[in-house]
Amino acid sequence: MSFYPLGTERIDETVDEVLKIIESSGLKHQINQMSTTLWGNPSQITQLIERIITSMYPTKFVLQITISNHCGCTFDDQRDGDIIQNAR
């Protein structure tokens, strides 16, 4: 996921606000220079995306998202949708 604020000189502060939202989500994540990788079930991820979009309004932005199920993980419905490592 990459968040790009538009039309503001407060780029660092705006990106920091989004990172705080991600960190407060409780989802496993890895912050990189130009993107953040998230791990979670589809419901958790979409709730976080919605929270970012609504929290950052009326800031104009681009939120670029790539979704993949090729992480070597599986969903364990018995554990409330937590991701567990695939035992292959």
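A: What follows describes the pocket, and then the parts of the chain around which the fold can be read.

This is a predicted model, in which local features need pLDDT of at least 70 and side-chain atom pairs count only at pLDDT 80 or more, while totals for chains, interfaces and linings use all residues. Residues are numbered from 1 along each chain as its sequence is written, and side-chain values use heavy atoms, with hydrogens and water left out.

A pocket here is an open set of points on a 1 Å grid over the protein atoms alone, where a 1.4 Å probe fits, with protein on both sides within 12 Å along at least five of seven lines, and lining residues have an atom within 4 Å of a point; the volume is the space filled by probe spheres set on the points, which are joined across faces, edges and corners. There are 16 lining residues, of which Phe 3, Val 15, Gln 33, Met 34 and Ser 35 are the closest to the centre. Strand E1 (2-6) and helix H1 (11-24) are the elements that give two or more residues to this lining, and H1 supplies the largest share, 5 residues; helices (H or I, at least four residues) and strands (E, at least two) are DSSP runs numbered from the N terminus. By class, the lining divides into 11 nonpolar, 5 polar and no charged residues, where Ala, Val, Leu, Ile, Met, Phe, Trp, Tyr, Cys and Pro count as nonpolar, Asp, Glu, Lys and Arg as charged, and the others, Gly among them, as polar.

Arg 51 lies in helix H2 and is partly exposed, with a relative accessible area of 38%, the scale being buried under 20%, exposed over 50% and partly exposed in between (1.4 Å probe, protein chains only).

In the chain as a whole, 2 helices and 6 strands run β-α-β-β-α-β-β-β from the N terminus, and 26% of the 88 residues count as buried.
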